[in-house]
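Please look over the sequence and the model below. A short report on selected parts follows them.

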Amino acid sequence: IALNAQVLLPAAPGAYILQMDMVHEFVTWFQWRGSPVYEAPVHARPAVPDYAAEWLTYVGPERLVVGRSAAALVEVKNTGALPWPQTGAGAVRLGYRWLDAQGNEVVVPEVQTWVVPRLIEPGQVATFRDLVVLAPEQPGGYRLVWDLIQAGTWLSSRGVAVMERAVQVVAPEYGVVWQVLSPWPAWVPPNAIQHVDLLLRNTGSRTWTAGGPTPVHLAYTWFTVAGQLSEPMDTFRVLLPGDVAPGAPVTLPAVPYNTPATLGSYLLRWDLVEEGVTWFFRRGAPPLEVALEVSDRSLFVPWTAQASHNQEGAVLAFDGDPLTAWNSTANQAPGMWFQVDLGQVLVLDRFRAASPGRGFPAGYRLKLSTDGQDWHLVAEKEQNWANVDVAFAPCAARYVRLEQTGQPSWAATWVIAEITVSATDAWAGAGASHYAGDAGAAVDARLRTAWNTRAVKQRPGMWFELDMGSVRRIEGLTLDHPPNQMPRGYAVSVAGADRSWQEVARKDDNWGQVDVRFPEVAARYLRVETSNSSTYHPWGIAELVVWRSSPVWLVGRQPA
């Protein structure tokens, strides 16, 4: 007879003898009447849970500065019955959390977690290198708790062991929190003294001394948008009204600052300096940085607009608020248009239309007009994947019309959050080595007209020269060409009023559009010269575009 028997093992692990016998209930065991028994050795092992961990190695910080980070290394062994996956919904990750002296969890923004480096089978070790540990934002004694995570749940909640380390978090020597008490202006005039009200709080461990051999002062620096140091260099030093102890605030009303003399976009950086010792930003204290536009006129002028769709919302495309936007409310299709009346005839050389999300036009044409009747094309793009930002030769215009020409493959409306145009002065003229009388066709802001060398095929030494009429700060050049009329090689040079030429770009083997950027330079004249030959094609320019580094942007407002 065959029987299936269930055997209950002893609770304590160890070596045992399992003995099995028949029993006549309430009478006798069979072995007591001479029947043999079955015996077998049995080793009882501890029960293995599905998830368990043994923390082997830890190399990490014992002391951190508030808000700073440090590197760590962790090795942990899988002592459970199940593997730790690297991918999928059940992936196992390593993470950490901070506990204060009372055992309360302290939230630290931007804390990372790290997935296991591979599938970790039972008995294998996972090694995590170059872990970034971010300190809490308040000084004090903390416990750093390392734990494993699966599906958003700490495995310690299932009984898996954690690793804890004591870490002391200290205040930095140099620390400052900035508060601007008066709003920054939308623009500032050039070469003028402006004022701002500031409140600073000492978040470091050192006292800011107002006097003595190494006093702490407030100062500022101007930078260009490219990150280069800019004038004015004669920045003010603002004295503190007294010593500022750690944790204490100080209010600085009407702090003066001098604006750059050159128009354009800048970054103004405020910082504290311990004279003769260090700038605070060099010791990890963040400076106060603000982007400012230096302009010689009001940025805000009255505009009106018309649109093929959602006429009522058209004003939202030039209300100065990037969080509001005109929306076509219908899926993009060729033939849609948005038209702006600038209120007066201006000389324009650039147009921008910002579209949040994926609301940019899939293709577009930009047209200008002085009277709203006679339009001419200044820019077009068949396939577009970004905000509209086009430059063209200075051109008189009162009306600007952006037409949608694309058809996206997905359902998307056309959105315009903010339109801006750049005003400038007209150019003085242009000349060329061949057919100079036609040179104006390359700088008339009309894509359908062009200058070229006609039947004369390309050879080195041909040139086209632009006179911008006055010295301007420029940083790039783009040439649009009729088909097959791009220069096979070229050199770009600039000159000031003294016509002393400086080469800023060169390409001796060219088969595409000329589109070059160079370090900002002050120039009045610009010259493009061929440096290669073509036995089949002339050289032609449909439009010459100069990218100014300091445009004056006009932002529209609905008339009051």
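The report takes strands, a loop, a surface patch and salt bridges in turn.

## Ground rules

This is a predicted model, in which local features need pLDDT of at least 70 and side-chain atom pairs count only at pLDDT 80 or more, while totals for chains, interfaces and linings use all residues. Residues are numbered from 1 along each chain as its sequence is written, and side-chain values use heavy atoms, with hydrogens and water left out.

Strands carry the letter E and are DSSP runs of at least two residues, numbered from the N terminus. Two strands pair if DSSP finds at least two bridges between them. Buried means under 20% relative accessible area, exposed means over 50%, and partly exposed lies in between (1.4 Å probe, protein chains only).

Strand E12 covers residues 140-150. It is mostly covered: eight of its eleven residues are buried.

E12 pairs with strand E8 (residues 92-99) through eight bridges, in the antiparallel sense. Here Arg-93 stands opposite Ile-149 of E12. E12 also runs antiparallel to strand E14 (residues 163-170), with seven bridges joining the two. In that pairing, Trp-146 is opposite Met-163 of E14. Strand E13 (residues 153-154) is another antiparallel partner of E12, joined by two bridges. Gln-150 faces Thr-153 of E13. E12 and E13 form a hairpin with two residues between them. Ala-151, in the turn, has a positive phi of about 55°.

## The E36 and E37 hairpin

Strand E36 (residues 490-495) and strand E37 (residues 501-507) are antiparallel and share six bridges. Val-492 has Ala-505 of E37 as its bridge partner. Five residues sit between the strands of this hairpin. Arg-499 takes a positive phi there, near 55°.

Arg-499 also belongs to a network of salt bridges with Glu-465, Arg-527 and Glu-529. A salt bridge is a side-chain nitrogen of Lys or Arg within 4 Å of a carboxyl oxygen of Asp or Glu.

Phe-464 lies in strand E35 (residues 463-480). Phe-464 is buried, at 0% relative accessible area.

## A buried serine in a loop

Ser-534 sits in the loop between strand E38 (514-530) and strand E39 (540-541). Ser-534 is buried, with 7% relative accessible area.

What does its side chain reach? The backbone nitrogen of His-537 is 3.1 Å from the side chain of Ser-534. The backbone nitrogen of Tyr-536 lies 3.4 Å from a polar atom of that side chain. Beyond its neighbours within four places in sequence, Ser-534 is in contact (heavy atoms within 4.5 Å) with Lys-457, Gln-458 and Arg-488.

## A nonpolar surface patch

Val-7, Leu-9, Met-20 and Tyr-38 form a nonpolar patch on the surface. Together they have about 390 Å² of accessible area, a value from the Shrake-Rupley method with a 1.4 Å probe, where only the protein chains shown count as cover for residues. Such a patch joins nonpolar side chains (Val, Leu, Ile, Met, Phe, Trp, Tyr) within 5 Å, from residues with over 30% relative accessible area and no salt bridge; like charges are joined within 9 Å.

Met-20 lies in strand E1 (residues 14-20). It is partly exposed, at 36% relative accessibility.

## Salt bridges

How many salt bridges does the structure hold? There are 22. One of them joins Glu-380 and Arg-365, with the closest N and O atoms 3.7 Å apart. Glu-380 lies in strand E29 (residues 376-381) and Arg-365 in strand E28 (residues 364-369), so the pair ties together parts 15 residues apart in sequence. Glu-380 is partly exposed at 37%, and Arg-365 is partly exposed at 33%.

Asp-438 and Arg-454 form another salt bridge, with closest N and O atoms 2.4 Å apart. Asp-438 is in the loop between strand E33 (429-432) and strand E34 (451-452), and Arg-454 is in the loop between E34 and E35, so this pair ties together parts 16 residues apart in sequence. Asp-438 is partly exposed, with 29% relative accessible area. Arg-454 is also partly exposed, at 43%.

Arg-517 bonds to Asp-515 in a salt bridge whose closest N and O atoms are 2.8 Å apart. Arg-517 counts as partly exposed at 47%, as does Asp-515 at 43%.

Technical notes
Helices (H or I, at least four residues) and strands (E, at least two) are DSSP runs, numbered from the N terminus. A polar contact is a pair of N or O atoms within 3.5 Å; within protein, one must be able to donate a hydrogen and the other to accept it, and residues adjacent in sequence count only if both atoms are side-chain atoms.
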